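Here's a quick tour of a protein chain for anyone just starting out with structures. Have a look at the model first, then read on.

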Amino acid sequence: MDDRLTKSDWIDHGLRTLARQGAGGLKVGPMAAKLKVSRGSFYWHFRDIADFRAHVLRSWQARSTDQVIADLEAAKGQPDRLKHLLRRAFATKRTLERAIRSWAAQDKQAAKAVASVDA
């Protein structure tokens with residue numbers, strides 16, 4: 001990767017890291033090294049690791065709720081809308097979901113995000 005990572009690049013990398021390593025993997029130094037950029041790239045986009053983690057959680061929330069709702073709305077009127085929803089639910093890898101829920105057992109912000117998605 002080049003030095004011009006976007007905020008979205010960092011968040012996407014955070015979600016991948018979370019799925020592979022759990023919340024303990026969300027550390028600036030190792031993530032920057034994996035992306036082959038300086039730590040300054042991280043701090044250009046985020047105040048600190050807590051800010052980054054909040055963005056990661058918001059992104060997961062949006063993907064788990066808003067995006068699903070938008071996809072279902074796009075399929076409105078189609079007779080197999082429920083099949084579409086079930087196919088989507090069972091086609092995705094569950095590693096990120098498990099990592100988020102494990103994180104929620106130890107972190108209040110993650111627990112709030114999970115509760116919001118579940119509601």
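**Where helix 1 meets helix 7**

In helix 1, Leu15, Leu18 and Ala19 touch Thr95, Leu96, Ala99, Ile100 and Trp103 of helix 7; a contact here means heavy atoms within 4.5 Å. Helices are DSSP runs of H or I with at least four residues, strands are runs of E with at least two, and both are numbered from the N terminus. What you're looking at is a predicted model, so local features need pLDDT of at least 70 and side-chain atom pairs count only at pLDDT 80 or more, while totals for chains, interfaces and linings use all residues. Residues are numbered from 1 along each chain as its sequence is written, and side-chain values use heavy atoms, with hydrogens and water left out.

**The big picture**

- The chain has 8 helices and 0 strands, giving the pattern α-α-α-α-α-α-α-α along the sequence.
- Along its principal axes, the C-alpha trace spans about 50 × 30 × 20 Å.
- Of the 119 residues in the chain, 34% are buried (buried is under 20% relative accessible area, exposed is over 50%, and partly exposed is in between, with a 1.4 Å probe and protein chains only).
- Among contacts with a separation of 6 or more, 57% link residues 24 or more positions apart.
- The accessible surface is about 7800 Å², and carbon and sulfur atoms hold 54% of that (areas come from the Shrake-Rupley method with a 1.4 Å probe, and for residues only the protein chains shown count as cover).
- There are 23 positive and 13 negative side chains, and the centres of the two sets sit 5 Å apart (Lys and Arg count as positive, Asp and Glu as negative, and His and the chain ends aren't counted; each charge is placed at NZ of Lys, CZ of Arg, CG of Asp or CD of Glu).

**How helix 1 packs**

- Helix 1 (residues 7-21) and helix 7 (residues 95-104) pack at an angle of about 80°, with axes 8 Å apart (axes are lines fitted to C-alpha atoms, for helices over the stretch in contact, and angles run from 0 to 180 degrees between N-to-C directions).
- That angle makes helix 1 roughly perpendicular to helix 7 (under 35 degrees is roughly parallel, over 145 roughly antiparallel, 65 to 115 roughly perpendicular, and the rest oblique).
- Helix 1 and helix 2 cross at roughly 110°, and their axes come within 11 Å.
- Helix 1 is therefore roughly perpendicular to helix 2 as well.
- On the helix 1 side, this contact uses Trp10, His13, Gly14, Thr17 and Arg20, and on the helix 2 side it uses Met31, Ala32, Lys34 and Leu35.

**Some buried residues**

- Thr17 belongs to helix 1 and is buried, with a relative accessible area of 3%.
- Beyond its neighbours within four places in sequence, Thr17 is in contact with Gly22, Gly25, Leu26 and Met31.
- Val28 is in helix 2 (residues 28-35) and counts as buried at 7% relative accessibility.
- Leaving out neighbours within four places, Val28 touches Arg39, Phe42, Tyr43 and Ile49.
- Val28 and Ile49 are 21 residues apart along the chain, yet their C-alpha atoms are separated by 7.1 Å.
- His55 lies in helix 4 (residues 49-64) and is buried too, with a relative accessible area of 15%.
- Not counting residues up to four places away, His55 touches Lys7, Ile11 and Phe46.

**Out in a loop**

- Lys36 is in the loop between helix 2 and helix 3 (39-45).
- Is Lys36 buried or exposed? Lys36 is exposed, with a relative accessible area of 65%.
- Lys36 also has a positive phi of about 60°, although it isn't a glycine.
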